[in-house]
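Visitor: I would like a close look at a single strand and what surrounds it. Please keep it brisk.

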Amino acid sequence: MSKLSRRDLLSLGGCAALGLFARSATASRLSLMTALAEPLAPTDYRALVAVFLAGGNDSNNMVVPVTGYSAYSAARAAAGLAIPQAQLLSITPPAMAGSVFGLHPELAELHGLWGQGKAAVVCNAGTLVEPLASRADYLNAARKKPYQLFSHSDQQGIWQTSRADTRVQTGWGGRIADALACVNGGVAFPMPVSVAGINLFAQGVSTRPLAVPDSGTALNNVFVLSGFNSSAESIARRASFDAIRGQDASLPLVKSSSDVMQQAIDIGALFASDPVLSPDRFTGLSTSIARQLKQAAKLIRLNRDSAGLGLNRQIFFVQQGGYDTHQNQIGDQVALYDALSQALNAFTLTMGDLGYGDRVTAFTLSDFGRTLQPSGSGASTVGSDHAWGSHQLVVGGAVNGGNFYGVNGPNGSIFPSLAMGNVAGTSDTDTRGRWIPNVAVDQYAATLAKWFGVSTANMATVFPNLHRFASQDLGFMNLAGITTPGCQ
Amino acid sequence: MTETGGHPVLQLARPLLLVALFASARLLAGSPPDGVPPALENSARQAREEAEAGSRAFAAGDFLAAAESFGRAVALDPSHPAYGVLRARALGELIDRDDLSPTNAARLRTVVSIYEELLSGDPANEEYAQAVASLLAKAGDAAGLDAWLLGRGRNRVLPAEIRSSALRASAETALGKAARENEDGRRGAAAALAARARQRLDEALTISPDSLACHALRLHGLELEIAIARERGDAPRRAELEALLARARRAADTVVNALRTPEKTDEY
């Protein structure tokens, strides 16, 4: 269990020192950026936070049917992979007409958010080129299927690009940023920010994401140009450095390099201090996912309070690894879900503290689900293998929470039948419980994009395959009072 | 349809809800009970149909129709573990903060009473508990919310974690109000609210001494109290609070250090 340690308590006391160098060296450019920045404070703020559960989350153990527990138990109990019914955190989704389900016992904080109506489950979502209504559809060679099913890298790519038909170099987060670039006025700060390194999700056609480390690094230490100080000699050397960067601007590669450097310097100036979260809801949370979400929260606070920012839209990408649970799944899921639940709860509480409770939505993505049939047996070795459709979590005050969402499958329900093999109502691809998704990544993402303000006209550009699916809004976001920016 | 505690559906549902929690294992397992008389089986089927209609209405945003359908399902099959909750959920969606009408107030009472009934059989169920807290907050019933949280925090039947969590939530509400009062220049009221929050957190930490969330909130609250004392020019009070803050920091550090373990690698 990892509810443990924390240096974060130390940060409760006050702000870190300002980066003197960054302030002095770029003051003139910062004032230019500030002049371009319009408006100076967010007037219609919304943020999306993608939480990628890397490795393929076994959501069969994340959301378990209590009504009909016997089918789940029959598949998993003998091998030691079933969560005991008594340990499940009971939920009663109105969409399921009286069927009771249970969340994994380590998702206690998310269970609380469910009760508050701030967390929802999107059932059996996955990569699709076109709807596949049944096992027969899947086995029909004429029907289009995503490329390289069950492969980590390919399926991660599709979840991030929403293009199951071909490989592309832009992600849906980046394309949303392209579509809504005008909403952020002239602020020279990227809409997408990754706190988990370089990824496809945040890459747009004209949008370059910013990558920052997690909260283990103070924001004012993220973009520090080393080798300079406040001495006269250093200031002169820095002036020469700036002058040299301005030369040969007619050469595209040199100019491009110089532009990237300048952007880093400009952003470094905006990161002149490390924002303090008070209260610090991440106190005691030491996991990577908590540190990433904390950094995202600090950036949201910085954007709210900094005169040079004031973006109306931000997109964040964070990642939690370790979900490729071929072995030791029971123990690993305890640690993973515990960390995820606590971090998402801390993030949600922080957004409330910042006055953005219904302005920021976090949602999960994952390579794929995992086979209902266990691989191996015995507590230390039992796990599950790569599969396809899986359940996703959506968290935030704008979520129509406390409910399941999705598209009906061959069993007439949005939640898949847990029957394995070729039996009536199943959506199994073979005999191991690999669910054919009812919901395409495109539908899931488009629902979020609509709330985020992407216009109907731009949806086809952001999600080229969306037109193949009947429902383009799954209904899990509350759109009351939401406007679509007219500048697109 | 009136939504009072005396509503016939509620009267029917209440005494049977507890029974439902213990008697529904077979239904949960998805199999019909053996030897169920045909009339009851028929009734259960009709209830399922009503529940399905309720689900459709809920999805369509017609919460009144959903509440009515789920209510009929409760009446037809009072032993079912979910129909009562679903009715509460649908009624909860109808509650409007700005609606001061008797109907709205009655709905709130009805929903809270359904959840309380459910909680009496399953006191640790956070789905129900959080739903009650959210409803009271949604209805703007700050006093009711605080009393409810305090009652839960002092209910010795509940696990320590749930009790401290309820007290922390109560403290949090008080701190939020304290901050607003302070911003509006009502320093006396702000100081009183912040002090009340600190008492609740002290109580919570007595129950769960290792709760980092409580420690963090106590530090935050003390910082607010110090700021208020500074703005009031109350130097002795400020010194007193700073001593408390130093002690609270040491207590929090002790917990953090005791819990410190090697960094877990969850990198992919």
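**A strand and its neighbours**

Guide: In β9(A), V360(A), A362(A), T364(A) and S366(A) point one way, T361(A), F363(A) and L365(A) point the other way, and all are buried. Buried means that 20 or more other C-beta atoms lie within 10 Å of the residue's own; 12 or fewer is exposed, in between is partly exposed, and C-beta atoms are placed from the backbone. This is a predicted model: local features need pLDDT of at least 70, side-chain atom pairs count only at pLDDT 80 or more, and totals for chains, interfaces and linings use all residues. Residues are numbered from 1 along each chain as its sequence is written, while chains are lettered from A and ligands numbered from 1 in the order in which they are written.

Strand β9 of chain A covers residues 360-366. Strands (E, at least two residues) and helices (H or I, at least four) are DSSP runs, numbered from the N terminus.

Now the pairing, which takes at least two DSSP bridges between two strands. Strand β1 (residues 46-53) of chain A runs parallel to β9(A), joined by seven bridges. A47(A) has V360(A) as its bridge partner. Strand β10 (residues 390-395) of chain A is antiparallel to β9(A), over two bridges. There, F363(A) stands opposite V394(A).

The buried residues of α6(A) pack against β9, α7 (172-179) and α12 (441-452) of chain A. Seven of the 10 residues of α6 (residues 152-161) are buried, so the helix is largely enclosed by the rest of the structure. Among them are W159(A) and I158(A). Just after α6(A), S162(A) takes a positive phi of about 60°.

Technical notes: Contact = placed C-beta atoms within 7 Å.
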